[in-house]
Amino acid sequence: MALSFPTNPQIGDVYNSGNMSYQWDGTSWAATGASVDLTPKSLGEVAAAYDQSNTSFDQSNTALTRSNTANTTAANVMFRRVSTIADLKVITPQANLSILVDGYYSKGDGGGGLFFANTTTGTHTDDGGLVLTSNVTGGTASSSWKRIIEDSINVKWFGAKGDGVTDDTKPLQNATNSFVTTAGNQYPNESRQFYYPKGRYLISAPIRIYSGQNHFGDGYASAIAYSNSFTGNGMFELSGTPGVAYYNEGSIDRLSFTGPNGAGTPSTNTSNMWAIYANTNIIQNSKFTNLGFTTRYGFCIPSWSYGQD
């Protein structure tokens with residue numbers, strides 16, 4: 001039997017014929033399945049149908065809430081994401097939990113990374129970048145967040161900004177101390193590469209480096225600059241403890257050393273100081289400019305070799 005579809009239909013119009021339902025899609029009538037009951041309902045019938053649907057929704061929502069609650073318990077949560085290191089440090093480490101941090105101070109600033117909860121028995125010492133304890137900067141705790149690293153240690157992991165304004169002495173020193181001061185959480189000695197991303201790292205005191213360390217940057221754009229308030233013998237100084245004093249297995253590569261006023265303007269600082277005061281055996285591809293020293297020069301290295309500038 002031929003179907004008598006309505007003329008001049010609008011998109012979405014429904015036509016029932018027998019036990020089949022059709023809907024106008026703009027070009028043709030498409031079968032959609034069993035016919036839809038379009039008989040007008042009384043107010044009571046509508047209310048009853050609504051109550052039944054609402055009850056079903058409430059039951060479903062309750063089940064979902066219970067499921068979410070169960071899945072956010074410590075035993076079930078395996079991964080979280082937070083914005084900053086400060087956000088990480090308010091979370092107590094829990095077994096099986098890893099957290100991705102977007103940045104040290106803000107998203108994308110280079111200081112973020114992936115951490116896992118270290119709940120092994122013992123004393124955990126906060127070093128400011130590789131091992132972090134909840135709300136205890138530089139202190140100790142019974143658990144910690146441990147950064148996952150592959151090769152080099154980025155100084156921005158310790159909060160260095162490299163903006164030429166902020167004093168980066170403390171974060172740079174924490175970085176160089178890290179692989180020898182994480183008692184109970186010792187990193188392999190191979191992790192001795194210290195990376196300085198492009199930036200101008202202002203310091204007000206010497207950065208004490210240790211034997212076996214290799215400090216490198218992104219070329220002359222990675223600058224170490226001393227401030228007008230600097231006090232000390234050298235911008236980089238080899239330290240005795242921890243580490244082995246005056247041992248020739250380290251390098252400085254692709255870094256520049258400069259005064260506080262930038263290119264073209266020698267510093268007015270008159271301290272008797274060196275750019276590098278260390279027995280480092282390789283200095284290469286590095287630049288010393290506008291230091292403004294009055295009685296000393298670029299570096300004091302009793303035993304050393306050098307590469308091309």
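A: Asn285 counts as partly exposed because its relative accessibility is 29% (buried means under 20% relative accessible area, exposed over 50%, partly exposed in between, with a 1.4 Å probe and protein chains only). Asn285 is placed in the loop between strand E22 (282-284) and strand E23 (287-289); helices (H or I, at least four residues) and strands (E, at least two) are DSSP runs numbered from the N terminus. The phi of Asn285 is positive, at about 50 degrees, although the residue is not a glycine. Most residues other than glycine have a negative phi. Asn96, also not a glycine, has a positive phi near 75 degrees, and it belongs to the loop between helix H2 (85-88) and strand E5 (98-101).

This is a predicted model, in which local features need pLDDT of at least 70 and side-chain atom pairs count only at pLDDT 80 or more, while totals for chains, interfaces and linings use all residues. Residues are numbered from 1 along each chain as its sequence is written, and side-chain values use heavy atoms, with hydrogens and water left out.

The average pLDDT of the chain (the predictor's confidence in each residue, from 0 to 100) is 74, and 62% of the residues score at least 70. Confidence is highest in strand E14 (residues 199-203), with a mean of 96, and lowest in strand E25 (residues 305-306), with a mean of 42. Residues 181-191 have a pLDDT below 50, yet this stretch has 28 contacts in the model beyond near neighbours in sequence (a contact means heavy atoms within 4.5 Å). The pLDDT also stays under 50 over residues 302-309, where the model has 20 contacts beyond four places in sequence.

Leaving aside neighbours within four places in sequence, Leu172 is in contact with Val155, Ala160, Tyr196, Tyr201, Ile203 and Ile207. Leu172 and Asn154 are 18 residues apart in sequence, and their C-alpha atoms are 9.7 Å apart in space. Ile203, beyond residues up to four places away in sequence, touches Leu172, Ile224, Phe230 and Met235, among other residues.

Gln173 is likewise found in helix H3 (residues 169-181). With 14% relative accessibility, Gln173 counts as buried. Not counting residues up to four places away in sequence, Gln173 touches Pro206, Ile207, Arg208 and Tyr210.

In one of them, the side chains of Glu237 and Arg208 meet at 2.8 Å, N to O. This pair links distant parts of the chain, with Glu237 in strand E18 and Arg208 in strand E15, 29 residues apart. Glu237 counts as buried because its relative accessibility is 6%, whereas Arg208 is partly exposed, with a relative accessible area of 37%.

Asp102 and Arg81 form another salt bridge, with the closest N and O atoms 2.8 Å apart. Asp102 lies in the loop between E5 and E6 and Arg81 in strand E4 (residues 79-82), so this pair ties together parts that are 21 residues apart in sequence. Asp102 is buried at 19% relative accessible area, while Arg81 is exposed at 53%.

Lys89 forms a salt bridge with Asp126, and their closest N and O atoms are 2.9 Å apart. Lys89 is in the loop between H2 and E5, and Asp126 in the loop between strand E7 (124-125) and strand E8 (131-132), 37 residues apart. Both Lys89 and Asp126 are buried.

How values were computed:
Salt bridge = Lys/Arg side-chain N within 4 Å of Asp/Glu carboxyl O.
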